[in-house]
Amino acid sequence: MNKPLVLVGFMGCGKSTVGRLFAERRGWRFVDTDSWIERRADKPIRRIFAEDGEPRFREMERALLPTLLAESGIVIATGGGLPCHSGNMALIKQSAVSAFLSVPAETLLRRLRSETAQRPLLAEKTDAELLPWMRSKLVARLPFYQQAAATVEADAPLEEVLRRLGECC
Ligand code: S3P
């Protein structure tokens, strides 16, 4: 049985883009937890946050995890906050191979600037607030991300990130 491969890391680190291509090349299934939740809830993440609240969204993240981790031959791209609550990272480590896509805050910010509207945690922030917020959030989350079995330096061209991921997973 091929253990699931779970990608973790901050918003904008490339989990979905890298994960989709990696899965395609291995002939595995690809699931993005945000898309999964949006399909189940039948509304976008920003509306789930606005109408049901972040705690409800975190419950939905927790609830989907055992089902996905029970599959074999699957690449799972997680939402940036998923590994950091409810013992999710422990669960991931138990049943999957995991990789942290590590990207510096400045690069994340450059990638995310044009997409803040879709991301409820970024939507309300001014340009001046974004970088300090991301830096401190990243510091708070690193202890969870760094529990992944592998760390891939992902501030690199896509093919290079895929190659690095392939070397460790
Ligand atoms: C979040 C990251 C988002 C999404 C939600 C909350 C976070 O996923 O789950 O907006 O807490 O960092 P991506 O990392 O795929 O953007």
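This is a predicted model: local features need pLDDT of at least 70, side-chain atom pairs count only at pLDDT 80 or more; totals for chains, interfaces and linings use all residues.
Reader: How many residues surround the ligand, and which are the closest?

Author: A residue is near a molecule if one of its heavy atoms lies within 4 Å of it. Here 14 residues surround the ligand. The closest are K15, D34, R58, G80 and R141.

Reader: Which classes of residue make up that shell?

Author: Ala, Val, Leu, Ile, Met, Phe, Trp, Tyr, Cys and Pro count as nonpolar, Asp, Glu, Lys and Arg as charged, and the others, Gly among them, as polar. The shell around the ligand holds six charged, five nonpolar and three polar residues.

Reader: Which helices each supply at least two residues of the shell?

Author: Helices (H or I, at least four residues) and strands (E, at least two) are DSSP runs, numbered from the N terminus. In this structure α4 (54–69) and α7 (120–123) each supply at least two shell residues. The largest share, three residues, comes from α4.

Reader: Which side chains have an N or O atom at 2.6 Å or 2.7 Å from an oxygen atom of the ligand?

Author: A polar contact is a pair of N or O atoms within 3.5 Å; within protein, one must be able to donate a hydrogen and the other to accept it, and residues adjacent in sequence count only if both atoms are side-chain atoms. An N or O atom in the side chain of K15 is 2.6 Å from a ligand oxygen. For the side chain of R141 the distance from an N or O atom to a ligand oxygen is 2.7 Å. A polar backbone atom of G81 is 3.4 Å from an oxygen atom of the ligand.

Reader: How much of the ligand's accessible area does the protein cover?

Author: Accessible areas come from the Shrake-Rupley method with a 1.4 Å probe; for residues, only the protein chains shown count as cover. On its own the ligand has 380 Å² of accessible area, and the protein covers 95% of it.

Reader: What is the space taken by the ligand?

Author: On a 1 Å grid over the protein atoms alone, a pocket is an open set of points with protein on both sides within 12 Å along at least five of seven lines, whereas a cavity is a set of points where a 1.4 Å probe fits but cannot get out; lining residues have an atom within 4 Å of a point. A molecule sits in either if more than half of its atoms lie within 2 Å of its grid points. The space taken by the ligand is the largest pocket.

Reader: Is D42 buried or exposed, and where does D42 lie?

Author: Buried means under 20% relative accessible area, exposed over 50%, and partly exposed in between (1.4 Å probe, protein chains only). D42 counts as exposed because its relative accessibility is 67%. D42 is in the loop between α2 (33–41) and α3 (45–52). Its phi is near 60°, a positive value in a residue other than glycine.

Reader: What is the phi of S86, and where is S86 placed?

Author: S86 has a positive phi of about 55°, although it is not a glycine. S86 sits in the loop between β3 (74–77) and α5 (88–95). At 44% relative accessibility, S86 is partly exposed.

Reader: Which backbone atoms do the side chains of N88 and E129 reach?

Author: N88 lies in α5 and is buried, with a relative accessible area of 0%. The side chain of N88 reaches the backbone oxygen of L82 at 2.8 Å. E129 lies in α8 (residues 127–145) and is partly exposed, at 40%. The side chain of E129 reaches the backbone nitrogen of T126 at 2.9 Å.

Reader: How far apart are S16 and A77, in sequence and in space?

Author: A separation along the chain and a distance in space are read as two values. S16 and A77 are 61 residues apart in sequence, and 5.5 Å apart in space from C-alpha to C-alpha. S16 is in α1 (residues 15–26), and A77 is in strand β3. A77 is buried at 1% relative accessibility, while S16 is partly exposed at 25%.

Note on methods
Residues are numbered from 1 along each chain as its sequence is written. Side-chain values use heavy atoms; hydrogens and water are left out.
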